[in-house]
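Welcome! Let's take a friendly walk through a protein model, from its ligand to its rings and its backbone.

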Amino acid sequence: MNAHPTLPEFDYVRPTSFVEASEYLAGNLDARPFLGGTDLFVRLRDGSLTPGYLVDVKRLDGMDELCFDLQSGLTIGAATNMNRVIASADVQNHYPLLAEACRTVASYQLRTRATIAGNICNASPAGDTIGACLLLGARLSIHGVQGMRQEPLNQFFLGPGKTTLKTGDIVTAIHFPIPPVGSAGRYIKLGRTRLGDLSIVGVTAFGYPDASLSSGYRLRLALASVAPVPLLLSQVENLFANGPIKPDSFQEAGRLAAESCSPIDDVRGSARYRKEMVRNLSIKALTDVWEKLST
Ligand SMILES: Cc1cc2nc3c(=O)[nH]c(=O)nc-3n(C[C@H](O)[C@H](O)[C@H](O)COP(=O)(O)OP(=O)(O)OC[C@H]3O[C@@H](n4cnc5c(N)ncnc54)[C@H](O)[C@@H]3O)c2cc1C
């Protein structure tokens, strides 16, 4: 099959069960799973990937599930596209930060294909939805040759394009616990254009009242596009946890964020510019969250 003159040849495989899919992937090292294909097909076309088999896992059982309840929280099947996530009343009511992050990805048209699971498995440091998933405490369900398991997202990323996934592994769903009462979040993406560009810097802030802390509040920060993996900044969390929270705390958090990242120069921005933007946008995102918490 040569579906497009600039695509390499590949065979299309559509397994009917997770067991079949994992075994196929484990038995054919030249095979690759895909969901929306919005990352994968770009990489096929530019020649950076040349798998012999593309394994379509979208239609496997439960992959398009999106369900919420007040005990177990939110489950998003891996093949659920971002527009469905954004349109979900449960996501809007309980996880607005996730909807906000999805809305910044490319265009409406692309989001009818693109999935959060694909964004995560692609493991780009620039993935726009990853910060929200990390701060909302996401866990992944993964089917492998040994069966089903769960992994916390905060241990999943090993480097650009590298994750803990092993041959035969398929991410089947993302789970989110019920967010803490009174929580608020903000995602600020700086791109070269307002639509359709990867981030130069992405800053996600999330906070909630927490009576166990001396400040009374937990405020957390995640950064995209400024290190080999998405960053969670425990220094910033500790700064706010040990409060009191004053106007100076936000300046200090911005300084810590800029100090903690290790951006590179590339076509979208210089390392120096990125650090400055991390400082400014971290202050803004955290201040926005603090204002929401204080009203
Ligand atoms: C024009 C354009 C604009 C874009 N803009 C943005 C943007 O603004 N922000 C952003 O973050 N991204 C952007 N992207 C990248 C892409 O759209 C997103 O990363 C998207 O979320 C990928 O989801 P997908 O379902 O299409 O993944 P796919 O392309 O299907 O898969 C992505 C990767 O994950 C692997 N994979 C897929 N499914 C599984 C699974 N179930 N288990 C294990 N591994 C799996 C694949 O092998 C592949 O390596 C853009 C892409 C394009 C083409």
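## Before we start

Here is a term we will need: a residue is buried if its relative accessible area is under 20%, exposed if over 50%, and partly exposed in between, using a 1.4 Å probe and protein chains only. By this rule Phe176 counts as buried, because its relative accessible area is 1%.

Please keep in mind that this is a predicted model, in which local features need pLDDT of at least 70, side-chain atom pairs count only at pLDDT 80 or more, and totals for chains, interfaces and linings use all residues. Residues are numbered from 1 along each chain as its sequence is written, and side-chain values use heavy atoms, with hydrogens and water left out.

## Around the ligand

Which residues are closest to the ligand? They are Pro33, Thr38, Asp39, Thr115 and Asp128, out of 32 residues that surround it; a residue is near a molecule if one of its heavy atoms lies within 4 Å of it. This shell divides into 17 nonpolar, nine polar and six charged residues. Here Ala, Val, Leu, Ile, Met, Phe, Trp, Tyr, Cys and Pro count as nonpolar, Asp, Glu, Lys and Arg as charged, and the others, Gly among them, as polar. Helices (H or I, at least four residues) and strands (E, at least two) are DSSP runs numbered from the N terminus. At least two shell residues come from each of β2 (31-34), α2 (40-45), α7 and β10 (170-176), and the largest share, four residues, is supplied by α7.

For the side chain of Lys189, the distance from a ligand oxygen to an N or O atom is 2.8 Å. Leu40 takes part through a polar backbone atom, 2.9 Å from an oxygen of the ligand. Taken alone the ligand exposes 990 Å², and the protein buries 89% of that (areas by the Shrake-Rupley method with a 1.4 Å probe).

## Aromatic pairs

The structure holds eleven aromatic pairs. Rings of Phe, Tyr and Trp (its six-membered ring) pair if their centres lie within 6.5 Å; planes under 30 degrees apart count as stacked, over 60 as edge-to-face and the rest as tilted. Tyr95 and Phe176 form a tilted pair, because their ring centres are 6.0 Å apart and their planes lie at 55°. Tyr95 sits in the loop between α4 (89-94) and α5 (96-103) and Phe176 in strand β10, so this pair ties together parts 81 residues apart in sequence. Tyr95 is buried, with 1% relative accessibility.

The rings of Tyr217 and Trp290 have centres 4.8 Å apart and planes at 80°, so this pair is edge-to-face. Tyr217 belongs to strand β13 and Trp290 to helix α11 (residues 271-294), 73 residues apart. Elsewhere, ring pairs join Phe10, Tyr12, Phe34 and Phe41 into a cluster.

Most residues other than glycine have a negative phi, and most peptide bonds are trans. Ala123, however, has a positive phi near 55°, and this residue lies in the loop between α7 (116-122) and α8 (130-135). Ala123 counts as buried because its relative accessibility is 1%. Ser225 also has a positive phi, about 70°, and is found in the loop between β13 (217-224) and β14 (231-232).

Finally, the peptide bond from Gly243 to Pro244 is cis, with omega near 5°. Look for Pro244 in the loop between α9 (234-241) and α10 (247-260).

Technical notes:
Polar contact = N/O pair within 3.5 Å; in protein donor to acceptor, adjacent residues only side chain to side chain.
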